[in-house]
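Please read them with the coordinates open beside you.

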Amino acid sequence: MLAVRRFPSSAVSRRLTTCLYLRSMSTTAFIAPHDPKNPSKAIAGVDLAQTWGFAVPQENEKPKIPKAGTTRIFYNTPQSQITALSSLGDGFEAKKGDARRELVRKSVGSAVKAVKGLDGVKEVMIDADKDPHAAAVAAHLALYAFTLKTDPPSRFNPNLKESIPEKITLKPIQESKEWNEGALYAYAQNLARTLMELPANIMTPTAFCERVKAEFAGVENVEIVVRDTKWAEEKGMNTFLSVTHGTSEPAKFLEIHYKGSPQKDASPLAFVGKGITFDTGGISLKPRVGMKLMRGDMGGAASVVSAALAIAKLKLPINLVVCTPLTENMPGPSATKPGDIVYAMNGKTVEVDNTDAEGRLVLSDAIYYTSTEYKPHTLLDVATLTGAMDVALGEIYTGVFSSSDELWEQLHEAGEYEFDRFWRMPLSEDYGPQIYSSNADLCNTGGSSAGSCTAALFLKAFAEGAFPKSKTGEGEEEEPRMKWAHIDIAGTMEATRPTPYLEKGMTGRSVRALIEYTRRLSASS
């Protein structure tokens, strides 16, 4: 929201002259989150409390503190051509923890949105003193705007020989480690947004792997392995391969290995991400309306590789394995047909009732492979898995199904810290009859009722080591060796309405929550 003072006609003339002047030069804008009870002193020569007061009260307006994110722009203030003040809301001084951080994000993000469209602005200096990490996250997320328009040239153009920098440079007035870390969290989320936004003819499985290798170039303690369908056949990944049959685009299985722990052979944390680079639904073809959104059906893969990049760049002391099965889901002449039964890597038979429920098919083999090959202590799979999750939780919360109360609490706390929030969903065998009643061990759909729950229950069968097992002849149960959580981002993959620090479009959730979870886990181990 932009509120301006009512200027007399001569002042309006001077203000218009100022705007025309700004267009002709490179301009620095200063941003300060404004708390009237504790105004910032970060911008030299500017009394921000007095400056804010110039704009209110207007005629017949009672003085009040506007809601968080309300932004006012002032021209020709001392030391700068532009100063943007953004409200932190009423009662900010009493807020603590997660609520306080989110107010800072709203304030800074709204201000960056307000100034980024002003002609001539090339540099934005931000008072990040109230929370450097949150300020950096909001500023970099708010600046992001995906486009492939050619005028002006887009920095997202995949054919560029040399990269095009951002039009605006963001800098904190107070340099800090926390700002730099927040900027890295935001960079990772923006990378996931870009991978999801790029159309499927550009972001193929092969191109995805090449982009990931380029992003990780020079990052220490990282090994990247790209596998093909021949390797998958040798491994018996028939549920994954069943989805690849309809496409002529080569499928890939991407692995990222980061060894940041002092004990290089220590049991790793594992991420598995669904990588359907375009989902037509296969033979069970989707409706045409809105199908172009399915370029983002590799959002799980985009999220886990982007989170891994930040984790490696932060040099967190933890070992991490990332596995992403990548393919298109197309209705080609060799495509899997409804009613086909395949043998998964773990030996279970799976009936493909609906080829549009392909995400759980590629994930099932990937989860089983990762859990048995690398023996992680914790495995998180991330996927744009079910429309039912969007119906249940919409764009606000990401659904989580977990075998572990402790893991759920850790994810919940990380999500609240970053305002990349989770909501726990039921992982109950009572939903089992919906997917256990076919001619195979498992059916890949259980009807429209509780669709996200039956999808999670399907994946549970492949999370080897996540659930107790009976000890043969001893009447006892072995404790699970692995914690597991399934994270369904189908609802939060896209923002259909802007927030103070996100424009509409692909969101890159839950990248920041994954990074924060890993940071906390590595610090406690």
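What volume does the largest cavity have?

1. The model is a predicted one, and within it the largest cavity has a volume of about 80 Å³. Of the 13 residues that line this cavity, S242, V243, N329, T336 and T355 are the closest to its centre. Sorted by class, the lining of the largest cavity comprises 6 nonpolar, 6 polar and 1 charged residues. With a threshold of 30 Å³ or more, the count of cavities comes to 1.

2. The lining of the largest pocket divides into 7 nonpolar, 12 polar and 10 charged residues. Helices α11 (387–393) and α14 (451–460) each supply at least two residues of that lining, and α11 gives the most, with 3 residues.

3. Strand β8 pairs in the parallel sense with strand β10 (residues 319–329) over 4 bridges, where F271 has V322 of β10 as its bridge partner. Strand β8 also pairs in the parallel sense with strand β13 (residues 378–383), here over 5 bridges, and L269 stands opposite T378 in β13.

4. Strand β5 (residues 169–172) has a covered face, made up of L170 and P172, and an uncovered one, made up of T169 and K171. Strand β4 (residues 121–126) pairs with β5 in the parallel sense over 4 bridges, and T169, on the uncovered face of β5, is the bridge partner of E123.

5. Which strands make up the open sheet that contains β12, and in what order? The sheet is formed by 3 strands in the order β11-β12-β16, with mixed pairing. Strands β11 (341–343) and β16 (442–443) stand at the edges and have a single partner strand each, so one side of each is left without a neighbour in the sheet. Strand β12 (residues 349–351) pairs with β16 in the parallel sense over 2 bridges, and V350 stands opposite L442 in β16.

6. Helix α9 (residues 299–313) passes a simple check of its geometry: at 1.5 Å a residue its 15 residues should span 21 Å, and because its end C-alpha atoms are 21 Å apart, the model agrees with that expectation. The helix is mostly covered, with 14 of its 15 residues buried. Just after α9, K315 takes a positive phi of about 55 degrees.

7. One annotation should be read with care, as it comes from an unreviewed UniProt entry: "domain: Cytosol aminopeptidase" is recorded there as covering residues 354–361. In the model, the end C-alpha atoms of residues 354–361 lie 11 Å apart, and the span is 38% helix and 0% strand.

Methods:
Residues numbered from 1 in each chain as written. Predicted model: local features only at pLDDT ≥ 70, side-chain atom pairs only at ≥ 80, totals over all residues. Heavy atoms only, no water. Expected span 1.5 Å × (residues − 1). Buried < 20%, exposed > 50% of the residue type's maximum accessible area, 1.4 Å probe, protein only. Pairing = 2+ DSSP bridges. 1 Å grid on protein atoms, 1.4 Å probe; cavity = no way out; pocket = protein on both sides within 12 Å on 5 of 7 lines; lining within 4 Å. Points joined across faces, edges and corners; volume = space filled by probe spheres on them. Nonpolar A, V, L, I, M, F, W, Y, C, P; charged D, E, K, R; others polar. UniProt positions renumbered as here; feature names shortened; annotations may be inferred.
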